[in-house]
Amino acid sequence: MTPDIVSHICFFSDEKAKRFHPLTLTRPLDDLRVGIYTIREKWEKTLSLDESYRLLPDYMEGVFDKGVYQDDEPCLWLNSRYLPNAELVSAISDLKMNEKLVNKKEVVAALIDGETSSQLFHQGVFQSDGLKKIEFKNVWALNYIWDLIELNSDQIKADIALTKLKNISKTGLGVEAVVHYEENIFIGDKVHIEPGCIFIAKNGPIVIEDGAEIEAGSILRGPIAVGKGATVKMGARIYGGTTIGPVCKVGGEVSGSIFHSFSNKAHDGFCGNSIFGQWVNLGANTITSNLKNDYKSVKVIDWETKKPIETGRQFLGTIMADHSKTAINTMLNTGTICGVSSNVFIDYLSPKFIKSFTWLGPEGEELYRFEKAIEVMKSMMKRRDISMSDHYLKMMKHIFELREKNT
C-alpha cells in the first residue's frame, strides 16, 4: 500500500505528545500499546515494512532503537499519535514526493525526499514547512492519554487482520470449555488453556497470542487481547476493551483496561478503565475507582501544568507509569495519575496525583531514594531474566532528576 519509492518510515511526535505523560516519560509515543499492538507495530505490519526509525529524546537513546538512517532514501514521516486505517493508508499511497497529509492543521504523514529527511533525522526535529498540503479528515487520532482506553475495543478488532491468526471455528480449543461465537476467537501457537474457562466473543473478538496461558475457571468477554507469554490467573473475570500485554499476569476483575508488558495484577481486586505501563505490580485487593459517586465527568491533574482538566469521560480509573507498585488493599482514586517508580501503601483513598519516585505511606509523601528504587527495579526485571542496561539506568536517573527539579 505504500509508494514504491518508500522503503522505510520514521515516527515523530508533535506538541501534544506531553499529554501522554507519565507513560511517555519512559517510552516514545509510538511504543504505547492500544489494541493488540503498539502504535509502531501497527504501522510496520500495516505497511509490510520490517524496519522503521524514530526521533527520540536524548535520554531515551540506547533504551529504544532510533535506527541508522540511509541518507539517500526518501522517508514517510508519521505522526505517532495517528493510527492506521484503510482510508489513511490509501491517502498515504497517493502521496507524491514532498507532500503532507494534514488534519485540522496537524501533520499526519509526510513523504519527504532523502536529503531533507536525512537532515531532519540527524537534527532530531521534524518540520514540514514548504511541503504541499493535502487535507485529510478520516483518521483515528490520539489527542489525550485516555483516548487509549476509548479506542482500545475498536483497535483490538482492527488489529485482528494484522495477527494472521485463524479462528477456532474448525479446530476448537482442545480443552473442556464453554465457548460462544467461536468464529470470533483467535488462538496463537503453544497457548495453554486449562479446563473450565468461559469465552464469550459475541461483542468482539478474543485474541490469545503465542505462549499465553489461561488458567482454570477464567471468564473472558471480548473484545480482549492477551499478549505473548501473558497469563490470565485462575478464576479471573476479564471484560471487554481489555488488553493484557506480553508477559503480564492478570487476575481478579478487570474491565476496559490496558497493561503494557511485564506488569502484574495477579490477585483479586477490581481494575476498571485504567492504563498501566511496564513492570507495574498491584498488590492483592488493589481497587481502582473508575466512577464518581455523582456520576459526573472525571477530571484529572495534567502532568505538565499540575492543573485539573476535564476528560469528558464518565469512566476513568488509574493511569500508572512504569515500575510503580501498590500494597495490598490499596484504594486508587477516580482519575488517579501516578508517575514512574512510586510506591503506594496507604490505608485511605489515594490522592489523584502521585509524582514519580514517591514513597506514599500512612504518614504522607516522601522521596523514594534513587538507589533503593533501582535496586527494586533490578530485582523485578531479574525475575523475567532481564538485566538493567546502563542506558536504562541513565534514563531513570534523568526522570528522577526531572522530578527533583520540578518539586
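## Two cis peptide bonds

Let's start at Pro-223, which sits in the loop between strand S17 (219-221) and strand S18 (224-226); helices (H or I, at least four residues) and strands (E, at least two) are DSSP runs, numbered from the N terminus. The bond joining Gly-222 and Pro-223 is cis, with omega about 0 degrees. A further cis peptide bond runs from His-21 to Pro-22, and here omega is near 10 degrees. Pro-22 belongs to the loop between strand S1 (9-12) and strand S2 (33-34).

A word on the model: it is predicted, so local features need pLDDT of at least 70 and side-chain atom pairs count only at pLDDT 80 or more, while totals for chains, interfaces and linings use all residues. Residues are numbered from 1 along each chain as its sequence is written, and side-chain values use heavy atoms, with hydrogens and water left out.

## Lysines with positive phi

Most residues other than glycine have a negative phi, and most peptide bonds are trans. With that in mind, have a look at Lys-105, where phi is positive at about 75 degrees. This lysine lies in the loop between strand S7 (99-103) and strand S8 (106-112). Lys-105 is exposed, at 82% relative accessibility; buried means under 20% relative accessible area, exposed over 50%, and partly exposed in between (1.4 Å probe, protein chains only).

Lys-190 also has a positive phi, near 55 degrees. You will find Lys-190 in the loop between strand S12 (185-187) and strand S13 (192-193), and its relative accessible area of 77% makes it exposed.

## Nonpolar cores

In soluble globular proteins, nonpolar side chains tend to be buried together. A nonpolar core here is a set of buried Ala, Val, Leu, Ile, Met, Phe, Trp, Tyr and Cys residues joined through side-chain atoms within 4.5 Å. The largest such core has 67 residues, and those with the most contacts inside it are Trp-43, Leu-78, Leu-101, Leu-148, Phe-357 and Met-396. Helix H5 (residues 370-382) gives the most to this core, contributing six residues.

A second, separate core holds 35 residues, including Val-191, Cys-248, Val-250 and Leu-282.

## Cysteines without disulfides

Searching the whole structure turns up zero disulfides, a disulfide being a pair of cysteine sulfur atoms within 2.5 Å. Cys-75 is in none, and its nearest cysteine sulfur, that of Cys-10, is 5.0 Å away. Cys-75 is buried, with a relative accessible area of 0%.

Cys-271 is likewise in no disulfide; the nearest cysteine sulfur, that of Cys-248, is 11 Å away. At 1% relative accessibility, Cys-271 is buried.
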